[in-house]
Amino acid sequence: MEKYSPDKKCILMTKEQVRSVDSWAINTLGVPGVVLMENAGRSCAELIKEKLKAIAEPKVCIFCGTGNNGGDGYVIARHLLNSGFEVVVVICGDRMKVKGDAKINLDILDKSGRPIEQLNPKDDDVPARVKGFAADTDMIVDGLFGTGLSGPLRDDYIELIDSINACDCPIMAVDIPSGLDCDSGRPLGTAVRASCTVTFVAVKKGFVSESAVSYTGEIYIASIGIEPVS
């Protein structure tokens, strides 16, 4: 894993370019998507372990969306649990919408007997419930939305993200801070204010904009096992 610095040459990619790399890896090279997800989640877990190594009994709260960003979160949870962390996993949205590679990793957590919390962003008590899930947490993991988000966030997700930001806790964003536009680096109504972001394949084009700095925090580039063609 490499830490991004503005004075260091690196590959920048748009949302469509990132999608093309994923498609190339899966459809041309034959790498199963679940393998890419495993590599991505494991990279995040390793950085979390490094960040929290001075804490005797670390606790992490992972907020997962219903797509592949949430799937990365389930992988992170498994690796942290295997390392002795206390982990709270919260599915934000309709659990029945979790499909494909993300569901494979959710099912693994289920079959291992790990409790998984549920949060409906449309509920009235979202701020209080987020605060409760994140109580005494050493780090929050944002696995709500990935790079595919487009258009303004719904009001309920704005409230959810604002509630996460209100927690007095460092936040790690998975691939991109949820709510941030991948290409412009501007929030789509609001966005997670992360202390660090682990981004996959390459630095996203929007990360280098002035507006993105207060949302991404430190940026780390993690390999998913396949490197883009320069």
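Guide: Helices (H or I, at least four residues) and strands (E, at least two) are DSSP runs, numbered from the N terminus. The model is predicted.

Visitor: Where is Pro115 found?
Guide: Pro115, whose C-alpha atom is separated by 9.5 Å from that of Val87, lies 28 residues from Val87 along the chain. In terms of the elements, Pro115 is found in the loop between H4 and strand E5 (117–119).

Visitor: Is Pro115 buried or exposed?
Guide: Exposed means over 50% relative accessible area. Pro115 has a relative accessibility of 64%, and therefore counts as exposed.

Visitor: Are H2 and H4 parallel or oblique to each other?
Guide: Helix H2 (residues 33–51) and helix H4 (residues 100–111) pack with their axes 9 Å apart, at an angle of about 60°. Angles of 65 to 115 degrees would count as roughly perpendicular and those under 35 as roughly parallel. H2 and H4 are therefore oblique.

Visitor: Which residues of H4 make the contact with H2?
Guide: By class, this contact has four nonpolar, two polar and two charged residues. H2 contributes Gly33, Val34, Met37 and Glu38, while the residues from H4 are Asp101, Ala102, Ile104 and Asn105.

Visitor: Which element gives the largest share of the largest nonpolar core?
Guide: The largest nonpolar core has 44 residues, and Ile48, Val60, Ile76 and Phe200 are those with the most contacts inside it. Leaving aside residues up to four places away in sequence, Ile48 touches Val60, Ile76, Leu80, Phe85, Met139, Val141 and Met172. The largest share of this core, seven residues, comes from H2.

Definitions and conventions
Residues numbered from 1 in each chain as written. Predicted model: local features only at pLDDT ≥ 70, side-chain atom pairs only at ≥ 80, totals over all residues. Heavy atoms only, no water. Axes fitted to C-alpha atoms, helices over the stretch in contact; angles between N-to-C directions. Parallel < 35°, antiparallel > 145°, perpendicular 65-115°, else oblique. Contact = heavy atoms within 4.5 Å. Nonpolar A, V, L, I, M, F, W, Y, C, P; charged D, E, K, R; others polar. Core = buried A, V, L, I, M, F, W, Y, C linked by side-chain atoms within 4.5 Å. Buried < 20%, exposed > 50% of the residue type's maximum accessible area, 1.4 Å probe, protein only.
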